Amino acid sequence: MTDITSVRPPAMVPALQRLYLPFDTTAETLLRVIAGVLLVTHGYGKIMNPFGAVGMVEGLGFYPGVFWSPLLAATEFFGGILVAIGLFTRPAAFAAMIVLLVTVYFHGIVQGEGLGGAEKSILWAAIFLFFAVRGSNAQSVDAKLGRQI
């Protein structure tokens with residue numbers, strides 16, 4: 001069976017292949033680090049006040065809010081750190097994707113903003129879906145430990 005990660009589509013512009021192929025792992029790492037750091041930044045306020053979102057999560061139907069609010073804060077803050085460094089990347093990215101799908105529901109349906117209000121959350125959910133499925137790459141703590149979940 002062929003490892004899909006070793007199969008590359010042919011280059012559209014073969015003359016440029018030497019320019020962009022060395023950066024594919026770096027670009028993926030950069031996307032993972034940026035996504036993780038931005039999730040940490042978004043979760044920082046919540047982790048400083050883990051019960052501050054009780055009303056919001058209960059308004060979305062997540063009861064009890066005193067359980068879900070700190071879980072939301074931890075998922076965003078600590079999950080973002082894990083994704084950024086590439087440790088337990090798949091479960092951390094999966095948890096972040098679930099949080100972001102809830103924000104798609106919140107902005108798109110509860111707030112009535114439709115696709116325009118939910119598009120950033122959809123994009124972020126797709127980025128974290130990518131890392132939940134793919135995991136981290138050679139430039140990660142998971143790779144240095146020699147395993148991925």
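The largest pocket holds about 740 Å³ of space. A pocket here is an open set of points on a 1 Å grid over the protein atoms alone, where a 1.4 Å probe fits, with protein on both sides within 12 Å along at least five of seven lines; its volume is the space filled by probe spheres set on the points. There are 29 lining residues, and Leu72, Glu76, Val99, Leu100 and Thr103 are the closest to the pocket's centre; lining means having an atom within 4 Å of a point.

This is a predicted model, in which local features need pLDDT of at least 70 and side-chain atom pairs count only at pLDDT 80 or more, while totals for chains, interfaces and linings use all residues. Residues are numbered from 1 along each chain as its sequence is written, and side-chain values use heavy atoms, without hydrogens and water.

Now look at how α2 meets α4: their axes, lines fitted to C-alpha atoms over the stretch in contact, are 7 Å apart at an angle of about 155°. The two helices are therefore roughly antiparallel, a label for angles over 145 degrees.

Finally, UniProt's unreviewed entry places "transmembrane region" at residues 66-85, 92-110 and 122-141; such annotations may be inferred rather than shown by experiment. Residues 66-85 are 100% helix, with end C-alpha atoms 29 Å apart.

Technical notes:
Helices (H or I, at least four residues) and strands (E, at least two) are DSSP runs, numbered from the N terminus. Axes are lines fitted to C-alpha atoms, for helices over the stretch in contact, and angles run from 0 to 180 degrees between N-to-C directions. Angles under 35 degrees count as roughly parallel, over 145 as roughly antiparallel, 65 to 115 as roughly perpendicular and the rest as oblique.
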